Amino acid sequence: MKEEQFNELADDFGALSKQMQYMMIETIGKKQYLHHINLIQKLLENSNEELRIRALKAFANTGAPIDEAILSKFFESTSWQVRMMAAKVAGVRRLSPFKDRLVSLLSDREYVVRSEAAKAILQFKGGVDLLRKVVSESNDGFAKDMALEWLGKEGVEY
């Protein structure tokens, strides 16, 4: 599909089927159509969880600026998929105000959330040292194990 046709579809986004909307969001992220970032930003506030998850993924893929106040609430979501994508966005964008939130997610009940949080921490300057600190100071076994796992993936000895 040519970009011009895509833009026409984006103008009628609300009238599209859910499957078509999902495809549009994915395309915006993968093709980095930054001129549609306002649409993706609006979807972060949508009541449809799948639209929010896909919008977060698009932000992670494009590297476009994201409203940190909106992103912040996703770290507390009841949905593990939303928490995972919030961690991914914070890491890809190296949003340092979220470092403590990422460390907290190392204790998440879901393995994939813990893993994405550790991966995100490593994207920050000093991320290796932060994971080492978790290993030495945390009382949470999940957090320690995840930090050790990702330090190992990075070839870093503890």
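User: Is tyrosine 111 buried, partly exposed or exposed?
Analyst: In this predicted model, local features need pLDDT of at least 70 and side-chain atom pairs count only at pLDDT 80 or more, while totals for chains, interfaces and linings use all residues. Residues are numbered from 1 along each chain as its sequence is written, and side-chain values use heavy atoms, with hydrogens and water left out. Buried means under 20% relative accessible area and exposed over 50%, with partly exposed in between (1.4 Å probe, protein chains only). Because its relative accessibility is 41%, tyrosine 111 counts as partly exposed.

User: In which helix is the place of tyrosine 111?
Analyst: Helices are DSSP runs (H or I, at least four residues), numbered from the N terminus, strands being E runs of at least two. Tyrosine 111 belongs to the run of residues 111–122, which is helix 8.

User: Which residue forms a salt bridge with glutamate 45?
Analyst: A salt bridge requires a side-chain nitrogen of Lys or Arg within 4 Å of a carboxyl oxygen of Asp or Glu. For glutamate 45 the closest N and O atoms are 3.6 Å apart, and the partner is lysine 73. Glutamate 45 lies in the loop between helix 3 (37–43) and helix 4 (49–62), whereas lysine 73 lies in helix 5 (residues 68–74), so the pair ties together parts 28 residues apart in sequence.

User: How far apart are the closest N and O atoms of glutamate 50 and arginine 54?
Analyst: Both residues lie in helix 4, four residues apart, about one turn of the helix. Glutamate 50 and arginine 54 form a salt bridge, and the closest N and O atoms are apart by 2.6 Å.
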